[in-house]
Amino acid sequence: MRAVLPGRRGLRRWTSGPWRLGLLVVLAVGVTGIYVLTDLPGAWEYALGLRGRTVAGMALAATAVGVATVLFQTITANRILTPGIMGFDAVFLAIQVVTAFVLGPTVLLAAPPLASWLVELVLMTVVVVLLYGWLFQRRRLDLHVIVLVGLVLGVLFRSVTAFLQRLLDPDTFAIVQDLVFASFTAVERELLAPTAVLVVCALASLWPIRRALDVLSLGEDRAISLGVDHRRTVMHVVVVIAVLVAASTALVGPVTFFGLLVANLAYSAVGHRHSRSIPATIAIGVIALVGGQLILDRLLGFGTELPVVIEFVGGIFFLLLVLTGRAR
């Protein structure tokens, strides 16, 4: 047997999954502290409140989008599919445009933020579960069918949205465009608490099936042979994904490639075990959002919105995954 040197054993321990996860958490906390506590103006109370709201919104978005992506890639056994790519976010766009077209922009602007958030949340969750849930209730999950139907539904929603937008007057169109773009710095304060409760409840519902999630990633046949109620577990996961995507989209707006980026970085850092990949995804998401906003605001002084940069980098990462054949 080959002897393991003490130094190599210590190096292997420091580079193991738990240590990497701990390092990511420390980095997330450190970046958040730097963003909130440095370069404070004279009216530091107001600045702290504003930055705290921004960080809370980013943390909730990172948690909801990242966890939803990990769960979706688990049940589809594919590393490039995300709820955004499959058209989940297109439901939000359709709801906004149809509401403006039928009821007028006054309803969108005059409605209380909490009431608007609740309506969007319920509508998105119901539509996503009804349209996409039946795909995962088939006797066998065919990845090609799931991808095809998901992409077709996404194109359908986007086409209807684009058609209705052409029929809107310029003022209404400008209002709708402002509502459908993601923004991490303009989060309504009164929406943070209900969104946090919803996200925590969705994550807590995963605790009883935490071990089944690792088995699901082995494939349908192996999961069934190991005693997992595949259909029931997958439907549970689909509902959780729908709730998380709806909560995040109603809070900050739609993001397509952010989940893909942070989920795959988490896999590379700590592996695919869900007890590590889910916390790592959240930590990496917080680092990306808070760190990106810190760089844009303090170092570069750019006026570019962070979602634009995140989507650009995520899109390039998506192309790299496709071209290098690392979809699975």
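Helices (H or I, at least four residues) and strands (E, at least two) are DSSP runs, numbered from the N terminus. By that count, this predicted model has 15 helices and 0 strands. Here is a friendly tour of the fold, its confidence, its cores and a few helices to look at on screen.

**How to read the model**
- Residues are numbered from 1 along each chain as its sequence is written, and side-chain values use heavy atoms, with hydrogens and water left out.
- Because the model is predicted, local features need pLDDT of at least 70 and side-chain atom pairs count only at pLDDT 80 or more, while totals for chains, interfaces and linings use all residues.
- pLDDT is the predictor's confidence in each residue, from 0 to 100; the protein averages 80, and 87% of the residues score at least 70.
- Confidence is lowest in helix H1 (residues 6–14), with a mean of 50, and highest in helix H9 (residues 192–204), at 92.
- Where pLDDT is low, the predicted coordinates should not be read in detail.

**The protein as a whole**
- Of the 328 residues, 47% are buried, meaning under 20% relative accessible area, with exposed over 50% and partly exposed in between (1.4 Å probe, protein chains only).
- The accessible surface comes to about 16500 Å², and carbon and sulfur atoms hold 69% of that area; accessible areas come from the Shrake-Rupley method with a 1.4 Å probe, and for residues only the protein chains shown count as cover.
- A contact means heavy atoms within 4.5 Å; among contacts in the protein with a separation of 6 or more, 78% involve residues 24 or more positions apart.

**Transmembrane annotation**
- An unreviewed UniProt entry places the feature "transmembrane region" at residues 21–38, 58–78, 90–111, 117–136, 143–164, 234–258, 278–296 and 308–327.
- UniProt positions are given in the numbering used here, feature names are shortened, and annotations may be inferred rather than shown by experiment.
- In the model, residues 21–38 are 94% helix and 0% strand, with the end C-alpha atoms 26 Å apart.
- Residues 58–78 are 90% helix and 0% strand, and their end C-alpha atoms also lie 26 Å apart.

**Nonpolar cores**
- A nonpolar core is a set of buried Ala, Val, Leu, Ile, Met, Phe, Trp, Tyr and Cys residues joined through side-chain atoms within 4.5 Å.
- The largest one has 81 residues, and those with the most contacts inside it are Leu71, Ile75, Phe184, Ile241, Leu244, Phe258 and Leu289.
- Helix H12 supplies the largest share of this core, 14 residues.
- A second, separate core of 7 residues includes Leu260, Leu261, Phe317 and Leu321.
- Leu289 is in contact with Met58, Ala62, Phe184, Phe258, Leu306 and Ile310, leaving aside neighbours within four places in sequence.

**Helix H4**
- H4 has 16 residues and reaches 23 Å from its first C-alpha to its last, close to the 22 Å expected at 1.5 Å a residue; the expected span is 1.5 Å times one less than the number of residues.
- Its buried residues are Phe88, Asp89, Ala90, Val91, Phe92, Ala94, Ile95, Gln96, Val97 and Ala100.
- Phe92 sits in this helix (residues 88–103) and counts as buried because its relative accessibility is 4%.
- Phe92 and Val245 are 153 residues apart in sequence, yet their C-alpha atoms are 9.8 Å apart in space.
- Leu93, also in H4, counts as partly exposed because its relative accessibility is 22%.
- The C-alpha atoms of Leu93 and Val160, 67 residues apart along the chain, are separated by 9.8 Å.
- Just after H4, Gly104 takes a positive phi of about 95°.

**Helix H13**
- The 13 residues of H13 (residues 258–270) should span 18 Å at 1.5 Å a residue, and the end C-alpha atoms are 18 Å apart, which agrees.
- H13 is mostly covered, with 11 of its 13 residues buried, including Phe258, Leu260, Leu261, Asn264 and Tyr267.
- Gly271 follows H13 and has a positive phi, near 95°.

- Arg51 is in helix H3 (residues 44–76) and is buried, with a relative accessible area of 12%.
- Beyond four places in sequence, Arg51 is in contact with Tyr35, Val36, Leu37, Thr38, Asp39, Leu40, Pro41 and Arg298.
- Ser248 is in helix H12 (residues 230–252) and is buried at a relative accessible area of 4%.
- Ser248 touches Ala61, Ala64, Val65 and Gly253, not counting residues up to four places away in sequence.
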